[in-house]
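The sequence and the coordinates are shown below.

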Amino acid sequence: YRYELLLISAAIYIPYSSMLPADFGGAQQALNGTNILLSALILGLVIRGKGGGYKYSRGTARTSTTLISLFMILVAVSFLRASLYFGSVYYTQMAADFKRYLDPMILFLFFLWVIPDRGIIKIVFSVLLIVIVMAFFLGLLEWVNLGFATYSGFKRRIGSLNMQPNVFGAFIAYYVCFFWGIFLTDHKSLPGKLLLLPFLLGIRLLIPSNSRGAWISFPPAFLVTTWYYNRLLCVVTALVIATILVINPSLMPDTIRYRFQEAAQLEANEDLYAQVPTGLKMFGESQSVSMRTRYNLLDTGLKLWKRSMFFGYGYGTFSYRVREYTGGEVVGTAHNGWLNMMVEMGLATVAVLAAILGVFSVSALRVYRWEKDALLRGCALGYLGIIPALLVANITGERFSHIDLLAVFWMYSACLIKLRAIHVAEQGQG
């Protein structure tokens, strides 16, 4: 019996849990593949025997565990505050969403404390790379079924394993630079060269995802990854691309130009309110959200946040609180993950998350600089691009609550923290 097999199973399945929920439908939805795997992980901890492995710095692992635990506690406090607002019915309607929000962090703790050594970390990294490549191929197959169509409404957008175009676009922006990082660090070998292919495929699939958020999230990820490898290469690449687009703007794909022009246009009232019989302003609910709509939501949300800055109003309350604050004039979702978190969970939660991302970035950078294994080093370099992509993607939409999107991030993060802890122990620092 090897407990690590359960971790590998989680790495394979959970990113696909939206597409393959493995539930029984109806009232039995709680008995699904994700919950079965998490239960197996807990049971496995009880019955597994003690195994060997590398020595590692428990202090390094404990720092991340403390921050993650504090973040989960603050989310739980937010859930309780919302229950006071909605009443007992809130538990039955939102408990499952709340649990799914915390699932990736629970996975992080399992992976961090149970993975024994470099060998298993390398296997998990390889499995997750295969998961990402398969997601790209699913997107390609979906695009083929659409006849390689360009943007023309929601039906001409691809969602792949996430089954939602904006989330799949974020998936690509987050994880495609893993392949770029491995190529940069191992470009002299044949496997390193071959990993340029999924990188190029991922970039190509960004266009039919038709997600503006993904389009503006990818460049920071690409540039940061390149910067840490070679600053001169990063600057030259950015200047060459910018120069080409300035000299010949027609090289910009028509779909991208159309989508950004669409966002810049002021939407006519009949387009915004056509399906709202009461006449309420459904900001954030239209198919294509304009910059003016986003500004109105941001302005209202910030004014609301200032009334409860530190702990927010409660998980899932944004649209209700906005409606109350404006006297029923504005109803809609935030279309901004950071704004949504600030209003619902407060500044304290945002600050803890920022600290977590900071610890993850520093750990990944140190693994990249110290690790000798080409695959592990390349993944650490590619991981450095996830953080800026995550920061930007959540400005244009709420991307914190999708387990199929974030599971890969949290599992990679746990492996990198563990690898960093192994490095610290090897150098006699902890």
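Is M163 buried or exposed? M163 is exposed, with a relative accessible area of 54%, where buried means under 20%, exposed over 50% and partly exposed in between (1.4 Å probe, protein chains only).

The model is predicted: local features need pLDDT of at least 70, side-chain atom pairs count only at pLDDT 80 or more, and totals for chains, interfaces and linings use all residues. Residues are numbered from 1 along each chain as its sequence is written, and side-chain values use heavy atoms, with hydrogens and water left out.

Most residues other than glycine have a negative phi. M163 has a positive phi near 60°, and S160 likewise has a positive phi, near 50°. M163 lies in the loop between α5 and α6; S160 is also found in the loop between α5 and α6 (165-175). Helices here are DSSP runs (H or I, at least four residues), numbered from the N terminus.

| Residue | Relative accessible area | Class |
|---|---|---|
| C234 | 8% | buried |
| S363 | 7% | buried |
| C379 | 0% | buried |

**Packing of α1 and α5**

The axes of helix α1 (residues 4-13) and helix α5 (residues 118-145) come within 9 Å and cross at roughly 20°. Axes are lines fitted to C-alpha atoms over the stretch in contact, and angles run from 0 to 180 degrees between N-to-C directions. The two helices are therefore roughly parallel, a class for angles under 35 degrees. On the α1 side, E4, I8, A11 and I12 meet I120, I123, V127, L128 and V131 of α5, with contact meaning heavy atoms within 4.5 Å. The residues of this contact divide into eight nonpolar, no polar and one charged; Ala, Val, Leu, Ile, Met, Phe, Trp, Tyr, Cys and Pro count as nonpolar, Asp, Glu, Lys and Arg as charged, and the others, Gly among them, as polar.

**Cysteines and S363**

Zero disulfides are found in a search of the whole structure, a disulfide being a pair of cysteine sulfur atoms within 2.5 Å. C379 is in no disulfide, and its nearest cysteine sulfur, that of C415, is 9.5 Å away.

S363 is placed in helix α16 (residues 337-370). Not counting residues up to four places away in sequence, S363 touches I417 and R420.

Definitions and conventions. Angles under 35 degrees count as roughly parallel, over 145 as roughly antiparallel, 65 to 115 as roughly perpendicular and the rest as oblique.
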